[in-house]
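Reader: I'd like to learn how to read this model feature by feature. Can we go through it together?

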Amino acid sequence: MEVTRYQSHAVSVIEINHPPVNALSSLVCQALFKEFVEASKDPSVEAIVLCGANGKFCAGADIREFKSTSLMKTISIEDINGNIESCKKPVVAAIEGVALGGGLELALSCHYRVAHIKAIVGLPEVLIGILPAAGGTQRLPRLIGIPAALDMIVRGRHVPATEAFQLGIVDQVVQTNAIDAAVHLAREIIGKPLDNRRLSTLPVQYNINIEDFFDNALKKAKIQFFGAQAPLACIEAVKASVELPFYQGLKKEQELIASLVTTGQPQAQQYAFFSERNAGKWTLPSGEGWDNVSPKIIKTTAVIGLGTMGRGIVTSLSKANISVIALEQDEKQLNQGKKAVISLLEKEAEKLNKQGKSSSFANGLGPVHFTLDFGEIRNVDLVIEAVYENMGLKKKIFQKISKILKPDAFLCTNTSGLDIDEIASVTNRPQNVIGMHFFSPANIMRLLEVVRGCYTSPITIATTMSLGKTLGKVAVLVGNCPLFVGNRMLLPYVEQAGYLLEDGCNPEDVDNALEHFGFAMGPFCMMDLAGLDVGWRSRMEKGLTGDRVPTGTPARQRQGNRYCPIADMLCELGRFGQKAGMGWYKYEKLGGRKASPDPWIRDFLEKYRNTHQIKSHVINSEEIIQRCLYVLINAGFKILEDGIATSPEDIDVIYNNGYGWPKYRGGPMYYAATTGLAKVYETLDRNYKANPDIPSMKPTFLLRKLVAVGEPPLKEWKTQLGNLNNKL
Ligand SMILES: CC/C=C\CC(=O)SCCNC(=O)CCNC(=O)[C@H](O)C(C)(C)COP(=O)(O)OP(=O)(O)OC[C@H]1O[C@@H](n2cnc3c(N)ncnc32)[C@H](O)[C@@H]1OP(=O)(O)O
């Protein structure tokens, strides 16, 4: 039964029961409508309470039922809302757990709302590419005013109960059972007037210049959410609450949602939503997986190395209230690390404070302890090594700690691409060794690549994936290969960006095209931020530049393939990016962030092209996007072929959460599917034939096969490979 009803004296309690989150599916809507009509007609019922089973009010419309072209149901959520609001008997919402999207819209149509202290409310539709179109954009401004409503709706913010009370969204916050409190309130208000409790009948009150306010909001949103259509539609809908009578406002919501659906963005964002949830459902070829391997509970941890990554990881663990011993090799670095962690934790506490939440680290370090003594980590459950990317150093540390730690402790390495098996091979428990590739800043970035080595046991995977979730990360299990998934795909993308400079572009042409596509940052801005020396060092280690390049090697060739040495040349001149005040761009000062195109670079590129007799040509944005993205996508197909990622969805989760890919485009593999695999294949094939010295352009076997079999849906891509190669 999706909806049940029972009576407590004169109060009828209607409970939504649709696990896991009581989403409003068609069946739930029908049942809710029916039960509500019956309760409202029943003469023995004098008041009604709406609640959700299993401690959750309702997470909104059932996203699984959204079809690509229509969001209509036989009975819409707003049909139910209208009925509730106009009911002559008082209706109280008892909010436990979550009241999100259609769930909050349902609660807003009730005459009163009681929330449990731990509940959260919000209208997060914008995050899945739509707007609250069951009256949310019309009722919320009438309840809490335009600025607060707009902020919640445009950002899709989750609001904790205490803040919801301050804003006036809920009438009571209780520490005990919210349903009992709602029933109690319902009894008290029987027979009392309800006219000023029906939000649709209230005027929207404001004392601001509405035209200016919405113009500014639109301008800001166009910058902040560049390219995303839903935030703009949300603003238009809230504006309609001021300009139009309530029922016309509802019509406007419907028009706006219908027009959003035609952009394809909701479909991409909903795909991203479910892909993210599925990423946690890892399964090994052996059948062992998330649903049959229990993780070990991690209570105590240690982090080795307090550089940028280590500090972020310590902060992350501390935020999750997990005890952590932070270890450094000398007093100076320990103190620097400690100062940095304190400052990060203070910022985190401030953020929580603003949300009305308290933190265990508000007045200090919470569960962190700093030390120079390796002996102190002997009893921890799990260690995360976060020293710099050097195989020799990492092996030395792993050898040492595997002798010290208790036998069942887990050993994790934070690396962005080193061989997990080589690191594991020096320990006395390779089955407990795993990679945890955090992204910088590690206390903020949501992505975590969990890297399984050939020895890693299922329980180690389960424990690390579960720890990732506890830290609030989106953990994705990947296989062990140089650079893993995200960075491996990035390599040909950055390589193409270099070739584009040789062929006639300036850095800003490439960055502008990709930022216009929706990336948070183009490749040259990204390199300036990360530091050009990082890639330079790695190329030196690989013998691509520096003393180890065999004499006589042509400047623009390595092992017979095309090579662009421009980044190396900038590094030789000390142009390391932001930290040097110059890189691909110039900056206002050392460490400055405001990039300006540098005439020196233009001049340098012109001379470079002349020296190498390169005929440059005008390259438009479409060519830039295709050249950079198609090789990245091609690398994604190779990763699937090699069994390094479980699914195209996992690759997309990695790109959406760690590489600034615009979520409204779903991720690179989803983008390839919507662009058309044949187009991607033919473009790559043509370019490869014209440039046989760029191997990353050669279409992969999987891409070719998928085109040959008629481009099956993305969910079926992997089945085309059979069990060819699975490193997971
Ligand atoms: C006409 C338009 C009218 C209304 C529009 C809407 O209401 S759109 C929906 C708006 N609501 C949301 O966007 C909420 C989305 N859900 C969440 O933010 C989180 O899931 C939530 C509720 C905070 C719970 O988070 P938690 O981390 O505890 O669990 P998880 O995210 O893994 O979700 C558990 C399973 O529930 C499924 N699910 C969640 N929300 C919905 C939903 N609205 N519809 C359908 N399914 C939903 C989720 O996929 C998980 O499923 P599983 O099979 O276990 O992977």
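Reader: Which helix and which strand each supply at least two residues of the shell around the ligand?

Author: Helices (H or I, at least four residues) and strands (E, at least two) are DSSP runs, numbered from the N terminus. Here strand S5 (98–100) and helix H11 (265–279) each give the shell at least two residues. Mind that this is a predicted model, where local features need pLDDT of at least 70, side-chain atom pairs count only at pLDDT 80 or more, and totals for chains, interfaces and linings use all residues. Residues are numbered from 1 along each chain as its sequence is written.

Reader: How many residues surround the ligand, and which are the closest?

Author: A residue is near a molecule if its C-beta atom, placed from the backbone, lies within 6 Å of it. The ligand has 22 residues around it, with Ala23, Gly60, Ala61, Gly101 and Gly102 the closest. For classes, Ala, Val, Leu, Ile, Met, Phe, Trp, Tyr, Cys and Pro count as nonpolar, Asp, Glu, Lys and Arg as charged, and the others, Gly among them, as polar. The shell then splits into 15 nonpolar, 3 polar and 4 charged residues.

Reader: On to helix packing: at what angle do the axes of H17 and H23 cross?

Author: Two packed helices are described by the angle between their axes and the distance between the axes. Axes are lines fitted to C-alpha atoms, for helices over the stretch in contact, and angles run from 0 to 180 degrees between N-to-C directions. Helix H17 (residues 486–503) and helix H23 (residues 621–641) cross at roughly 155 degrees, their axes coming within 8 Å. Angles under 35 degrees count as roughly parallel, over 145 as roughly antiparallel, 65 to 115 as roughly perpendicular and the rest as oblique. So H17 and H23 are roughly antiparallel to each other. By class, their contact has 11 nonpolar, 2 polar and 2 charged residues.

Reader: How are H3 and H4 oriented, and which residues meet?

Author: Helix H3 (residues 102–109) packs on helix H4 (residues 136–144) at about 55 degrees, and the axes are 10 Å apart. H3 and H4 are therefore oblique to each other. Two residues are in contact if their C-beta atoms, placed from the backbone, lie within 7 Å. Leu104, Glu105 and Leu108 of H3 meet Gly136, Arg139, Leu140 and Leu143 of H4. That contact holds 4 nonpolar, 1 polar and 2 charged residues.

Reader: And the backbone: which peptide bonds are cis?

Author: Look at omega. One of them runs from proline 19 to proline 20, with omega near 5 degrees, and proline 20 sits in the loop between strand S2 (11–16) and helix H1 (26–41). Another is the bond from serine 440 to proline 441, with omega near -10 degrees. Proline 441 belongs to the loop between strand S15 (433–438) and strand S16 (447–452).

Reader: What about phi of leucine 483?

Author: Its phi is near 75 degrees, a positive value in a residue other than glycine. You'll find leucine 483 in the loop between strand S17 (474–479) and H17.
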